[in-house]
Amino acid sequence: MRILEKKSPCNFLVFGLGHDSLMWNALNYGGRTVFLEEDKSWIEQIRRRMPGLESYHVEYDTKVHQADELMKISSGTQDCEVVGDPRFSKCQLALKNFPSDVYDTEWDLIMVDAPTGPVEDKFSKAFLCQGYLTQQQGRLRHFTIPSHRARLGRPFCP
């Protein structure tokens with residue numbers, strides 16, 4: 001919340017739609033807050049109660065039970081380390097099925113609202129890059145990732 005308060009108003013992308021979504025939207029007053037959710041029935045339920053929220057249904061190509069295999073496949077693979085448009089990536093972990101606007105917007109802040117477990121722990125450190133971890137408090141982590149659009153050729157992780 002402190003980070004959003006410093007950045008607001010901003011372009012804020014949230015992975016996950018929940019009971020707290022209205023709060024996140026309100027804290028970003030004057031900015032744009034977009035929620036991505038994989039549970040279609042949950043989106044409809046939230047939309048009935050909070051019709052002003054901008055949310056989109058998304059589908060993921062991978063499942064939690066594939067995590068170890070995907071980590072092995074992507075680790076050290078050039079396709080998964082090249083920074084570019086994920087829609088055209090050959091990396092199996094690239095998120096390709098989002099609305100075009102999600103890819104075309106430069107997001108100031110991205111929040112992954114999900115339960116923390118062994119899979120999330122491994123993937124956040126590997127793909128958000130341990131070197132970009134700026135703060136951790138309990139299970140909450142804050143990664144500050146520089147724009148790769150601003151400096152092409154920047155390595156995936158420091």
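## Briefing: salt bridges, fold and selected residues

R32 has a relative accessible area of 23% and is therefore partly exposed, a class that lies between buried (under 20%) and exposed (over 50%), as judged with a 1.4 Å probe and protein chains only. This is a predicted model, in which local features need pLDDT of at least 70 and side-chain atom pairs count only at pLDDT 80 or more, whereas totals for chains, interfaces and linings use all residues. Residues are numbered from 1 along each chain as its sequence is written, and side-chain values use heavy atoms, with hydrogens and water left out.

**Overall fold**

- The protein chain contains seven helices and six strands, both being DSSP runs numbered from the N terminus, with helices (H or I) of at least four residues and strands (E) of at least two.
- Read from the N terminus, the order of elements is α-β-α-β-α-β-α-α-α-β-α-β-β.
- The protein chain is as compact as a globular protein of 158 residues, because its radius of gyration of 16 Å is close to the 15 Å from the globule rule; the radius is taken over C-alpha atoms, and the rule is 2.2 Å times the number of residues to the power 0.38.
- Along the principal axes, the C-alpha atoms of the protein chain fill a box of roughly 45 × 35 × 35 Å.
- Of the contacts (heavy atoms within 4.5 Å) between residues at least 6 apart in sequence, 44% join residues that are at least 24 apart.

**Surface and charge**

- Of the 158 residues in the protein chain, 30% are buried.
- The accessible surface of the protein chain is about 10,300 Å², and carbon and sulfur atoms account for 53% of that area; the method is Shrake-Rupley with a 1.4 Å probe, and for residues only the protein chains shown count as cover.
- The protein chain carries 20 positive and 21 negative side chains, with the centres of the two sets 4 Å apart; Lys and Arg count as positive and Asp and Glu as negative, while His and the chain ends are not counted, and each charge is placed at NZ of Lys, CZ of Arg, CG of Asp or CD of Glu.

**Salt bridges**

- There are six salt bridges in the structure, each being a side-chain nitrogen of Lys or Arg within 4 Å of a carboxyl oxygen of Asp or Glu.
- One of them pairs R32 with E54, and here the closest N and O atoms are 2.7 Å apart. Because R32 belongs to strand β2 (residues 32–37) and E54 to strand β3 (residues 54–57), this pair ties together parts that are 22 residues apart in sequence. E54, with a relative accessible area of 24%, is partly exposed.
- E44 and R47 also meet through their side chains in a salt bridge, at 3.6 Å from N to O. Both residues lie in helix α3 (residues 40–49), three residues apart, which is about one turn of the helix. E44 is partly exposed at 38% relative accessibility, and R47 is partly exposed at 32%.
- A further salt bridge brings together the side chains of D68 and K122, at 3.3 Å from N to O. Since D68 sits in helix α4 (residues 67–74) and K122 in helix α7 (residues 118–127), the pair ties together parts that are 54 residues apart in sequence. D68 is partly exposed at 47% relative accessibility, as is K122 at 43%.

**Buried residues and their contacts**

- S55 is located in strand β3 and counts as buried at 5% relative accessibility. When its neighbours within four places in sequence are left aside, S55 is in contact with L17, F35, I43 and R47.
- L70 lies in helix α4 and is buried, with 6% relative accessibility. Beyond its neighbours within four places in sequence, L70 is in contact with T62, Q92 and L93. L70 and M23 are 47 residues apart in sequence, and their C-alpha atoms are 34 Å apart in space.

**Backbone features**

- The peptide bond that leads from S8 to P9 is cis, with omega near -5°, and P9 is placed in the loop between α1 (2–7) and β1 (11–15).
- C129 is not a glycine, yet has a positive phi of about 75°. C129 lies in the loop between α7 and β5 (133–137), and is buried with a relative accessible area of 1%.
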